Amino acid sequence: MAYRKLGVDNKHRRSMLATLTKQVITNGQVITTETRAKEVRKAVDSMITYGKKGDLGSRRRALAFVHNDKAVVNKVFNELAPRYANRNGGYTRILKLQERRGDGALLAIIKLIDEDSKEEAK
């Protein structure tokens, strides 16, 4: 699987992706650069897929990815997995913003999709 290096070494990248994933899960959204958002999308989608499986091995893989943050894993398994039970992937949305003022990097918001609002629209 190809991935973006994001200009940092492997340990820093994994830690950064784990932190951004935790923020998206706890807050529902986070503002970051577009390339980081595209990488975080993969991690958040895999975390919610682990939650939908619900077995012990999936819970341990999720704990290992988010550095043993049990509150985040409990939220994934108890709240997010039932919310997206009828959805097969695509749990996040990336909305592009303006360029960052200092260095011109493209900013984006990555947020969890509200499954309830989709059903109300139907």
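In which sense do S1 and S3 pair, and over how many bridges? Select both strands and look: S1 and S3 run antiparallel, paired over five bridges. (Strands are DSSP runs of E with at least two residues, helices are runs of H or I with at least four, and both are numbered from the N terminus; two strands pair if DSSP finds at least two bridges between them.)

Before going on, bear in mind that this is a predicted model, where local features need pLDDT of at least 70 and side-chain atom pairs count only at pLDDT 80 or more, while totals for chains, interfaces and linings use all residues. Residues are numbered from 1 along each chain as its sequence is written, and side-chain values use heavy atoms, with hydrogens and water left out.

**Stop 1: the sheet**

You have an open sheet of three strands, in the order S1-S3-S2, with antiparallel pairing. S1 (29-33) and S2 (92-99) are at the edges with a single partner strand each, so one side of each has no neighbour in the sheet. From one strand to the next, the twist averages 25°. (Angles run from 0 to 180 degrees between N-to-C directions, and axes are lines fitted to C-alpha atoms, for helices over the stretch in contact.)

Zoom in on S3 (residues 106-112), which pairs with S2 in the antiparallel sense over six bridges. Click Ala108 in S3: it is the bridge partner of Lys96, and also that of Thr32. Further along, Lys111 in S3 is the bridge partner of Arg93. Five of the seven residues of S3 are buried, so the strand is largely enclosed by the rest of the structure. (Buried means under 20% relative accessible area, exposed over 50%, and partly exposed in between, with a 1.4 Å probe and protein chains only.)

In the hairpin of S2 and S3, six residues sit between the strands, and Gly104 takes a positive phi near 80°.

**Stop 2: H1 against H2**

Show H1 and H2 next. Their axes come within 9 Å and cross at roughly 65°. That makes H1 and H2 roughly perpendicular to each other. (Angles under 35 degrees count as roughly parallel, over 145 as roughly antiparallel, 65 to 115 as roughly perpendicular, and the rest as oblique.) Try side chains here: residues in contact (heavy atoms within 4.5 Å) include Met16, Leu17 and Leu20 from H1, and Val40, Ala43 and Met47 from H2.

Then find Tyr3, in the segment before H1. With 48% relative accessibility, Tyr3 counts as partly exposed. Leaving aside residues up to four places away in sequence, Tyr3 touches Arg13, Glu39 and Lys42. Tyr3 and Glu39 are 36 residues apart in sequence, yet 7.4 Å apart in space, C-alpha to C-alpha.

**Stop 3: H3**

Move on to H2 and H3, which pack at an angle of about 150° with axes 8 Å apart. H2 and H3 are therefore roughly antiparallel to each other. Making the contact are Ala43, Met47, Tyr50 and Lys53 of H2, with Ser58, Arg61, Ala62 and Phe65 of H3.

Colour H3 (residues 56-65) by burial, and Ser58, Ala62 and Leu63 come out buried. These three cover an arc of only 135° around the axis (taken from the directions from the helix axis to the C-beta atoms), which puts them on the same side of H3. Leu56, Arg60 and Ala64, on the other side, are exposed. The cover over the buried residues of H3 includes H2 (34-53) and H4 (70-83).
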